[in-house]
Amino acid sequence: MSDTRTIAVVGPTGATAGGLARAILSDPTDRYVCRAISRDPGSAAAQALAEQGAEVVQADLDDYDSLVRAFDGADGAFCMTNFFVTFSAEQETAQAANQARAAATVGVGHVIWSTAEDTRRWYPLDDDRMPTLPGGYKVPNWDGKGEGDRFFAEAGVPTTYLLTPFHWEAFVDGLGAPQPGPDGVRTLAMPLGEAPLPGIAAEDIGRCAYAIFQDPARYVGETLGIAADHTTGDDLAARLSEVYGEPVRYQHVPAEVFRELPFPAADLAANMFQFVAEDNGYGERRDVGLTRALNPSLAGFTEWVTATRARMPVHI
């Protein structure tokens, strides 16, 4: 009888879960099969995973029955949602419930739920220190995930709750990329003050998740917060200058000013950074030592900058 075990991976064509899929597929021991769960198995990204050896199956997070079929026979499942696909915290919470129920129905032995803080625990809706956003959320892209935690507990699924930090890739090819200021200098503008920002390479999130799956008895029922470094805005900007091949400066923007900036979801981003910057334990919950124990090859920010600089053009 084969000892090979199957891990079902939700969102394998994205940054976070994609790192887990690649970690499984690159393991020379072949102890685990990667079952890549995609809304569109025919997409180029899904087909690329299939070519690397993944078992690609179709499921939709809004369709409970499709998740039951996708999870059936899996020993483990990496469950997640993406607010920036739906822009609905309510839908994220419903998708969490679907994944929890489906995993319980087919008897998945170990789930990792990629979650976040429900910031309303620290800032109730009537707390005017942080504005309440439409729908009754403070930071909807986190609150919906945190609210989803209870469904895994209620379903009785053996679950590890994984708190992730910011992806450094977002500062190069994502929404966090520094933009040229009025004088042409790239500017990393955030309402962060002097607070350190926990961060990690997306690939290392996947490697940490893979390590957790390999030791379920140790991590089931635990909430694990991971990070590779805690870096101030000034340090982020200084090292990103090396990636961009030109100066990058950090500019603190007060949250109340940032909320009024003319770009989509500025109010959400302001609340998010305010939550990180204020003393509520966000950084303390993301432990570099734990992360390195899970993933001894963990890249700190300096190492990530060096590797990223080597693969980027001189000027982006």
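Colleague: Which residues have the most contacts inside the largest nonpolar core?

Modeller: The model is predicted, so local features need pLDDT of at least 70 and side-chain atom pairs count only at pLDDT 80 or more, while totals for chains, interfaces and linings use all residues. Residues are numbered from 1 along each chain as its sequence is written, and side-chain values use heavy atoms, with hydrogens and water left out. A nonpolar core is a set of buried Ala, Val, Leu, Ile, Met, Phe, Trp, Tyr and Cys residues joined through side-chain atoms within 4.5 Å. The largest one has 87 residues, and those with the most contacts inside it are F71, F78, W142 and L240.

Colleague: Which helix gives the largest share of this core?

Modeller: Helices are DSSP runs of H or I with at least four residues, strands are runs of E with at least two, and both are numbered from the N terminus. The largest share of the core is 7 residues, and these come from helix α8 (residues 202-213).

Colleague: Is S114 buried or exposed?

Modeller: S114 sits in strand β5 (residues 110-115). Its contacts (heavy atoms within 4.5 Å), leaving aside neighbours within four places in sequence, are F78, C79, M80, K145, L162 and T164. Buried means under 20% relative accessible area, exposed over 50%, and partly exposed in between (1.4 Å probe, protein chains only). The relative accessible area of S114 is 8%, so S114 is buried.

Colleague: What is the strand order in the open sheet of 3 strands?

Modeller: Two strands pair if DSSP finds at least two bridges between them. β7 (166-167) and β12 (229-231) are the edge strands, each pairing on one side only. β7 pairs with β10 (residues 197-200) in the parallel sense over 2 bridges, with H167 opposite I200 in β10. Pairing in the sheet is mixed, and the order is β7-β10-β12.

Colleague: Which residues form a nonpolar patch on the surface with about 220 Å² of accessible area together?

Modeller: A patch takes residues with over 30% relative accessible area and no salt bridge, joining like charges within 9 Å and nonpolar side chains (Val, Leu, Ile, Met, Phe, Trp, Tyr) within 5 Å. A salt bridge is a side-chain nitrogen of Lys or Arg within 4 Å of a carboxyl oxygen of Asp or Glu; areas come from the Shrake-Rupley method with a 1.4 Å probe, and for residues only the protein chains shown count as cover. F263, in the loop between α11 (255-258) and α12 (266-277), is partly exposed at 35%. The patch consists of V257, L261 and F263.
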